[in-house]
Amino acid sequence: MSSTSNNIKFNRRAFLRTSSLASGGLLIGFNLFTACRPEAKPPVNLADLNYSDFNAFIKIAKNGAVTIFSPNPEIGQGVKTSMPMIIAEELDLPWNMVYVEQGHLDTKNYTRQVAGGSQSIRFGWDALRQTGATAKQMLINAAADKWGVDASEIKASEGIITNAAGETLGYGDVVEEAAKLEVPENVALKDPKDYKIIGTDQVNVDIDKIITGQPLFGLDYKVDGMVYASVLRPPAFGQELVSFDASAAKEVLGVIDVIEIGEKAKSLLSKEEINWTAQLSGTGKVVVIAKNTWAALEGKKALKAEWKEASPLESTDFHDKKLNELLDGKEFATLRKDGDVEKAFSQADKVLERTYESPFLPHNCMEPMNFFANITDDEIHLAGPIQTPEDAAITVAELLGRDVTDIKVEMTRMGGGFGRRLYGDFVYEVAEIADKIRKPVKMISSREDDMTTGVYRPAIKYRIKAAIKDGQLTGYQLKEAAINGNMYGLIPNFFPAGAVENYQVDVANYTSNITTGAWRAPYTNFLAYAEQSFFDELAEEMDADKIQLRLDLLEKVKGTTDERIQYSPERLQGVIKMAVDKSGWGSAPEGTYQGFVAYYCHNTHVAEVADVQIQNGLPVVKKVTCVVDCGIVVNRTGAINQVEGGVVDGIGHSMYGNYAFNKGVPEASNYDKYRLIRMKEAPVVETYFIENELSPTGLGEPTLPPAGGAVANALKAATGKRVYKQPFMLDKEIWKVTEKPVLG
Amino acid sequence: MTPKKSIYMPTYQLNVNGKVHSVEASDNTPLLWVLRDELNMVGTKFGCGIAQCGACTVHLEGNAVRSCSLPVSTVGEKKITTIEGLSEDGSHPVQEAWKEIDVPQCGYCQAGQIMTATAFLAKNPNPSDEEIKDAMHGNICRCATYNRIHKAVSTAAKKMV
Ligand code: FES
Ligand code: FES
């Protein structure tokens, strides 16, 4: 178990550099991920501020104002507020003296500047505290020199430095001197008990811009002379462009030109081993260039194109069949094996086996994919919403045969990510377009483009089998059949790994031409529901109490020396007990049915209880009680927002989210056919945090996976029937009333 | 039918946030794109283009409308209010409530949410919980900030009495 002590050793010389600014004041460059070169120097002009050696900066002006250039892209997970809060805490400043700006990416060197996997806070925690504390110590040292006293006699708090005689200096009064000092080593960090900013409620730093409609997002990005591009991609996965007729499109008022792109992507695909985030497709695409967005979109509608089948066009029935074949077959890779599950099954009193199914899912970020590019012989300027700016820059350089140092990536706020903006397909498209037309251009996807040419959460099936002997769980086997890849990392070692003597995880996959990728809480977003539904059923089969069974199994994991087991049985038990207490588990009023889930993923321990009622034959999720152990909560209001959003998102997709293909063509292309959860279906979420002083873990993902399971278990309690397939509302057996999507 | 190049772009006089703007646009251009691309008011957002998500909500004579599905040629002299014109400085009680409750996550849907809420509260200043849900049901928030949107609308209602 990690604690707040420094478990990462920093090479401070490499990680922090200071300099005086030409404009006066102190600039501290630091590297969150310690990957910078020792000879790196921060710029003395703010205009030269770059992220080549340091991925974040703090500017302390002579008037004491502090600007923190936040390094990580903001997708709505709140790091642009919470990461600077950590620096300000150790720097010991009043939060209202801190300004936060989004940093940009320079591409001379690369460091981890990615939003994804709920990792930002976890990786940044030590580095951000160190940076703040070191800067504060330098200010103290400078004041000590000025007063001619020993630094140990000086205190700094709330932006004011005070000596033993009671004299004071502002941080701004000593920044010039501080900038010239050596960077001190081994600076003490605060005791969490003394925190003044961490653990408070700090409103989103962009709130004023958001509520007044200021430009923030990629779609809002604009430069003089910019044109708009709309891209016609193959209507079916598996198709490639043969030819096109642009004559009608060119007649549309506002259309400037129609071009074809794709050769560059194709040639890169043929010769390079490309990065996992580089979703390149090898087909030609037709691009309408126009004076405004509407003309670009209308022009695209007027295009006529002929496509050919380059690889088989797949339908949902086909995927279903393939996944079943895989589950029934023998071609598995084993990701974890303890004991002998086969023996356990053969010796069991009872064997329980269930299969769970989930469909593909689009991300549906509220802001459709878009990106800006302006390419000249000297520079490639890219701007927009992307979770992986470094990968995008590297791939664009390879694509266009340019030097990566020519590339500047400006990051805008993102209207949602959910994993979609890890993939840079739209960046490569706009790069090819801009390279051809040599004008500043923005590629904009319509909702239909965004939804039907996505990078989907893959369809997956799980088959879980358990052996029960003498009232004990003696064997547990999890089989995964998935499209285009399988669970990774430590997922096979999640609970109940370590709690069952004979335990095995097997995976198999089918390679499809439908593009798939990470979707908020990859794999666990569906696995949690499967496993937790299974657990409920297992408890019923064993005649055991649902809560006690989990607590007892966790008891067996305590003291494990298996390093692959990263979940903490104590912390999982902690959230379980609190959820039982806070939800009124077992004493729900007449007509309210509860479902329970406890789950660990993304380094965070969560328990959820869903309260469901049946109204007019259909389920209504009234309330979800969510207990989270994410260590220290940095920004309470932001954290609660993430928790609530994750829960409601998880419920929405498990109840309604469905994405089917017919001969390679997605069956839904906009919100009239694809149902997202809305206000009336969203339950009240009651959030509780376990109070401790452990290092913070991320919150963007971990509350989502358990939500579907909690609802599924509550549905069983309410109807007596189990749902084995997502989305739950598709089950015609249970819901006699066929429900139409509620339209806006 | 999409107009042909041989036709000149018509000019429209639009009354946006109390000012009359002259814009050239083909007559079927949705108000949304005129606001965003021609008038550089990008607060109004594009989400679906088919009147399903509410991201593009503006006020037309005080009523909440979906600007993505409103051709510019049908607006005439009617008064348009966008998020930029809701208040000088973000001080509309609904905006203040949004800040107080710290509603946004990614923030993209929020201008539309705020515009729907303001038009609703102007007509129903003292709504019940159910009425708030009905009024806001048409606006999607992909980040699912619904709990907070609900809270902010009722907080704003209290501020407005
Ligand atoms: S963009 Fe207008 S309702 Fe979605
Ligand atoms: S805050 Fe992201 S869509 Fe609503």
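Helix α12(A) gives the largest share of the lining of the second largest pocket, 5 residues. The model is predicted, and the pocket holds about 910 Å³ of space. Domain 2 (226-311 + 369-444) and domain 3 (319-360 + 457-730) of chain A both contribute lining residues, so the pocket lies between them.

**Second largest pocket**
- The lining consists of 44 residues; by class, 17 are nonpolar, 18 polar and 9 charged.
- Nearest the centre of this pocket are Gln279(A), Leu280(A), Ser281(A), Asn513(A) and Thr515(A).
- Two or more lining residues come from each of β11 (239-245), α7 (263-271), α12 (425-437) and α13 (447-452) of chain A.

**Largest cavity**
- There are 10 cavities of 30 Å³ or more, and the largest cavity has about 100 Å³ of space.
- Of the 14 residues that line the largest cavity, Gly78(A), Asn204(A), Gly638(A), Asn641(A) and Pro104(B) lie nearest its centre.
- Helix α17 (residues 636-656) of chain A supplies the largest share of this lining, 3 residues.
- The lining of the largest cavity divides into 1 nonpolar, 11 polar and 2 charged residues.

**Second largest cavity**
- The volume of the second largest cavity is about 80 Å³.
- Its lining includes Arg457(A), Trp519(A), Asp649(A), His653(A) and Gln726(A).
- At least two lining residues come from each of α17 and α18 (704-719) of chain A, with the largest share, 4 residues, from α17(A).
- By class, the lining of the second largest cavity has 4 nonpolar, 6 polar and 2 charged residues.

Technical notes. Residues numbered from 1 in each chain as written. Chains lettered and ligands numbered in written order. Predicted model: local features only at pLDDT ≥ 70, side-chain atom pairs only at ≥ 80, totals over all residues. Heavy atoms only, no water. 1 Å grid on protein atoms, 1.4 Å probe; cavity = no way out; pocket = protein on both sides within 12 Å on 5 of 7 lines; lining within 4 Å. Points joined across faces, edges and corners; volume = space filled by probe spheres on them. Nonpolar A, V, L, I, M, F, W, Y, C, P; charged D, E, K, R; others polar. Domains from an automatic or database assignment.
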